[in-house]
Structure formats: structure tokens, C-alpha cells
Amino acid sequence: MQDFIIAMLAISAILIIRDMAKIVFWGRKKNDPVYDCHPQKERMEQYARSLQKLADTFYHMPYRREHLSQSETEGIFEEVREKLCSHCPGQNRCWTLQEALTYKKVYDLLRLIEEDDRDRLLHRQADWYGECINAGKFLEYLREAFQTARQNLIWNNRQTENRLAVAEELNEVASTIEKVAADLYDITTVPGELEQRAEKILRKRHILVRQMWMLQSPEEKFRIFITMRVRSGQCVAVTEIAAILSELCERKMVPARDSRAIVNSENRTVLFVEDTNYKVLYGAARVTKEKETVSGDNYAFTQGEEQFVMCLSDGMGSGLEASRESETVVELLEQFLTTGFSRETSAKLLNSALVLQRRDGMYSTVDICALNLYTGMCEFLKAGAAATFIRRDQWVEAISSSSLAAGLVQQMDFETAAKKIYDGDYLIMVTDGVLDALPEEKEEETMKEIILQIHASKPQEIGRCILEKVMSYCGYRAIDDMTVLVAGVWKK
């Protein structure tokens with residue numbers, strides 16, 4: 001089942017990459033930098049509709065059941081009759097002359113067995129011994145047949161959960177492909193005057209431009225590609241070229257993350273993007289539960305072109321097993337988010353994966369904090385996670401959650417919130433172990449007071465100070481794993 005999901009995701013990714021490659025190389029072959037994305041958008045939308053239709057077929061199949069069906073109940077009756085009653089001299093009286101009454105009595109017995117109502121079952125058994133000459137064996141066979149049917153029901157429900165997990169995966173992949181198709185940037189030529197001025201200025205720096213084109217995004221953020229080389233065997237830093245583009249575009253341009261550092265005599269294509277408005281510094285502090293060597297908490301910091309993301313997960317319990325569980329959660333979240341999946345889609349895909357490979361009693365919390373580095377809007381997504389805190393000057397706000405952890409149920413009901421973050425604000429994420437060490441029923445208020453008492457400015461130092469103060473409430477003995485993540489946000 002897991003292999004099937006992975007295969008579907010891989011196929012979807014390959015199709016997306018193939019069609020995007022067509023968009024670019026089709027134009028290059030014609031030596032024309034103007035590209036038309038619409039036919040490829042339509043093709044990708046067809047992929048999405050196909051996957052959505054496949055997901056719907058899974059959704060329309062029978063759902064899980066808590067009780068045996070009428071046909072299953074009748075099957076139990078027939079099995080017991082075949083084993084015992086077919087050779088009984090009283091069969092004609094019970095199953096012919098008094099068929100309706102016998103069915104009702106046996107059904108009542110079966111219902112009490114299913115409900116595990118021992119007192120009422122003992123009372124009903126006493127009556128049954130006076131009505132059936134093989135009462136002892138009949139009840140034994142009835143229990144055995146019920147247990148077999150119950151195990152089959154549990155197995156079918158498990159299969160249903162797996163089927164719904166696959167449907168959820170397909171549904172989210174379809175939604176993602178639709179989003180990619182809708183958000184595909186149109187690749188266009190750079191305005192003639194801007195291109196001519198850029199080529200002229202860069203030529204004076206010995207940089208020969210072969211081609212320029214731009215991606216016009218819905219958010220109107222400039223993204224300019226330049227294929228270029230440097231003549232005379234020289235090298236030029238891409239930051240120097242970015243400074244030239246900044247003057248020409250009248251907005252701060254920077255090389256894309258992980259781009260080349262220099263341009264040399266070989267033709268290379270470099271992406272320049274509009275610089276973000278905010279920068280982030282971050283740090284973490286953690287304490288492992290007493291007598292444990294490995295923390296069950298795991299976290300990740302990820303910064304992309306447009307957003308900064310903090311992920312935090314608390315595995316059930318503590319120790320190596322909990323660490324592995326939460327590590328899986330964080331790694332999957334980081335992979336989904338950096339690939340371009342939305343927070344909601346990432347959480348749903350993660351939950352489906354955990355349900356598919358779930359072992360009894362194993363689950364992990366999900367806590368995501370995603371900051372848009374252009375707008376300052378911060379979005380929070382929580383599933384079973386502790387409160388997150390925002391500090392602004394002498395004011396602290398808590399963002400709480402009451403949802404279940406990931407991996408417990410197929411239809412995860414995570415909670416989301418969005419807040420505007422300003423220059424100088426701090427985002428503080430903690431695991432349950434931190435709040436559980438504080439006075440009961442006053443955890444969040446006490447944490448707010450602790451945060452306001454700290455005068456440090458570096459995120460790493462703030463996290464360390466928070467843990468020190470929290471530890472003082474529990475006699476410096478960690479009753480659970482404790483992790484604090486802190487991110488400071490400043491205007492550039």
C-alpha cells in the first residue's frame with residue numbers, strides 16, 4: 001500500500017517536471033523567449049482530474065463499521081445451526097415451529113455478547129439453559145462464531161482505513177497539481193528597454209548576455225533569468241550582477257538561494273529574485289527526560305525563497321522509539337514543505353502515511369509555523385501540539401490547540417491560525433513537556449510571564465533562559481522531554 005502511494009507521488013512529480021520542461025525547451029528550440037503555458041496547464045489539469053476521479057472511487061466504497069451487519073449476524077446463526085442444531089432432536093420445534101421466537105432469543109444473546117454486558121448475559125444464559133438441551137455447546141459455538149466475525153470486521157475496518165489513506169493521498173496530489181497548474185508563471189520576454197539597458201551595462205563589465213526572460217508571478221515578485229558568460233577568461237560575482245539589476249528594476253534583487261556564486265567563461269543561467277522584506281534568526285534549546293539518553297522531540301528550521309518554516313514534533317512517550325516516530329514526522333514535513341506542498345496538504349499527506357504504517361499506541365504531534373518573508377504573515381498549523389507564543393515588546397499572545405495528534409485517525413482535524421508579524425517580534429514554540437512542568441491550569445499564563453521576564457535578544461539565548469526558568473518549577477528534574485524553538489523576525 002505504501003509503495004503504491006509513493007509510486008503515485010513519484011509519477012505525478014515526473015509528469016509535472018516533464019510538462020514544465022516542455023514549456024521551457026519548446027521556446028528555446030524556436031529561439032523565442034515568449035512561451036505559452038496554457039496547453040500544458042490544461043494537460044496538468046487533466047492529470048489532476050484523473051487522480052481526483054481515482055480518489056473518488058475509493059471514497060465511494062463502504063466505510064468502516066462499528067457493529068456487525070444483518071447479513072453477518074444471520075451468517076453466525078446459520079453457522080451455529082449447521083454445527084449443532086442440525087443433529088438436535090429439538091430442531092423442528094426451535095427453528096420451524098418457534099422460528100421467530102428462537103431468532104429473537106439468539107439475537108438477544110449475541111447482542112449481549114457483543115456489548116460484553118456480563119451481568120445481563122449471565123442472567124440470559126440461565127434462562128437459555130432451561131430452553132435448549134445443548135445450551136452449553138450452543139453458547140460456546142455462538143461466542144466462537146462471533147469472535148471470528150468480529151476479527152473479520154476489525155480487519156475490514158483496517159483495510160478501509162488504508163483505502164481512505166490512499167484516497168486522501170491521491171486527493172491531495174490532485175489538489176497540488178491543480179494548484180501548480182493554476183499558479184504556473186507565464187514566461188515572458190523582459191521589456192525591451194530594460195533588456196537593452198541591462199545588456200549594455202553588463203557588457204561594460206565584460207558580461208555577455210545570451211538571453212533574458214522573466215517569470216511574471218501572481219504576487220508580482222520579479223524573477224529574472226539571465227543566460228550569460230564573461231569574456232576574456234574573467235569571473236564576476238553574481239551579487240555584483242544582482243546589484244546592477246536592482247538599480248535597473250528599482251527594487252532589491254538577489255541571486256536565488258543555492259544559485260551559482262560566480263559567472264565565468266561558460267554560458268550559465270542564473271535566477272535573480274526580488275529580495276524579501278524580513279530576515280529571521282533562530283535557535284533551539286532542549287532538555288531530555290530524566291534517565292533517558294535520547295529526546296523524543298524533533299524539530300527543523302527551513303528557509304526558502306519566500307518563507308521561513310519551523311516544524312516541531314513530540315513523539316509519544318520518550319526515548320529512542322519516540323525519537324524515531326517524531327523524526328519521521330519532521331523529515332516528511334520538511335520534505336513536503338520544501339517541495340512546495342501547502343501546510344494543510346503536507347499535514348494530510350503526513351497523517352495518511354502515519355495511519356498506513358501505524359503501530360498500536362504510536363502517534364506524534366504536529367506543529368508548523370510558516371512565516372511569509374515578503375508580507376510578514378505567519379500561519380500556524382497544529383495537531384495535538386502545545387501552544388505557540390508570540391512576543392511583541394511587553395505583550396505575549398498564545399496560540400493554542402485542542403486537536404488530536406497525527407496518526408490516530410484517518411480524518412485528522414488539525415487547527416490553523418494566521419497572525420501578522422512585525423519588526424522585532426519573536427515566535428516561540430514549545431513541546432508539552434515544557435508546559436506540563438508549570439503550575440496546573442495556569443501553564444500558558446505562567447509561560448507568558450516567563451517570556452516577559454527574559455531580556456535577552458538572541459533567539460538561542462531566549463530559548464535557554466526559558467528552559468532554565470521552567471526547570472526551576474519542577475525542581476530541575478525533567479519529567480518529560482522539553483524543547484523550545486525561538487525565531488526572531490526583523491525588517492531588512
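## Briefing: burial, rings and packing

Phe308 counts as buried, because its relative accessibility is 1%; buried means under 20% relative accessible area, exposed over 50%, and partly exposed in between, with a 1.4 Å probe and protein chains only. The structure is a predicted model, in which local features need pLDDT of at least 70 and side-chain atom pairs count only at pLDDT 80 or more, while totals for chains, interfaces and linings use all residues. Residues are numbered from 1 along each chain as its sequence is written, and side-chain values use heavy atoms, with hydrogens and water left out.

**Overall composition**

- The protein contains 14 helices and 17 strands; these are DSSP runs numbered from the N terminus, with helices being H or I of at least four residues and strands E of at least two.
- Of the 492 residues in the protein, 47% are buried.
- Among contacts between residues at least 6 apart in sequence, 70% join residues at least 24 apart; contact means heavy atoms within 4.5 Å.
- The protein has an accessible surface of about 25,300 Å², and carbon and sulfur atoms account for 50% of that surface; accessible areas come from the Shrake-Rupley method with a 1.4 Å probe, and for residues only the protein chains shown count as cover.

**Aromatic rings and charges over them**

- Six aromatic pairs are present in the structure; rings of Phe, Tyr and Trp (its six-membered ring) pair if their centres lie within 6.5 Å, and planes under 30 degrees apart count as stacked, over 60 as edge-to-face and the rest as tilted.
- Phe301 and Phe308 form a stacked pair, because their ring centres are 6.3 Å apart and their planes lie at 20°.
- Phe301 counts as buried, because its relative accessibility is 18%.
- One aromatic cluster is formed by Tyr282, Tyr299, Phe301 and Phe308.
- Arg251 is placed over the face of Phe222, 3.9 Å from the ring centre; a charge sits over a ring if NZ of Lys or CZ of Arg is within 6 Å of the ring centre and within 35 degrees of the ring normal.
- Lys491 is likewise over a ring face, that of Tyr278, at 5.1 Å from the ring centre.

- Ile390 belongs to strand β13, which spans residues 388-392, and Ile390 is buried with a relative accessible area of 1%.
- Not counting residues up to four places away in sequence, the contacts of Ile390 include Phe380, Trp395, Ile421 and Tyr426.
- Helix α13 (residues 443-453) has Thr446, Met447, Lys448, Ile450 and Ile451 buried.
- An α-helix has 3.6 residues a turn, so residues three or four places apart point the same way.
- The cover over the buried residues of α13 includes β13, β14 (395-399), β16 (426-430), α12 (432-436) and α14 (459-473).

- The structure holds one cavity of 30 Å³ or more; on a 1 Å grid over the protein atoms alone, a cavity is a set of points where a 1.4 Å probe fits but cannot get out, and lining residues have an atom within 4 Å of a point.
- The largest cavity has a volume of about 40 Å³; grid points are joined across faces, edges and corners, and a volume is the space filled by probe spheres set on the points.
- The lining of the largest cavity consists of Leu312, Asp314, Thr365, Asp367, Ala385, Ala386, Val430, Thr431 and Asp432.

**Loops and exposed positions**

- Glu305 sits in the loop between β9 (297-303) and β10 (307-314), and Glu305 is partly exposed, with a relative accessible area of 25%.
- Leaving aside neighbours within four places in sequence, Glu305 contacts Arg223, Ala256, Arg257, Val273, Thr276 and Tyr374.
- Glu305 and Arg257 are 48 residues apart along the chain, and their C-alpha atoms are separated by 6.7 Å.
- His206, in the loop between α8 (192-204) and β2 (207-216), has a positive phi near 70° although His206 is a residue other than glycine.
- His206 counts as partly exposed, because its relative accessibility is 30%.
- Lys291 lies in the loop between β8 (278-287) and β9; Lys291, which is not a glycine, has a positive phi of about 75°.
- Lys291 counts as exposed, because its relative accessibility is 81%.
- Glu247, in helix α9 (residues 238-249), counts as exposed at 65% relative accessibility.
- Glu247 and Ala198 are 9.9 Å apart in space, C-alpha to C-alpha, and 49 residues apart in sequence.

How values were computed. 1 Å grid on protein atoms, 1.4 Å probe; cavity = no way out; pocket = protein on both sides within 12 Å on 5 of 7 lines; lining within 4 Å.
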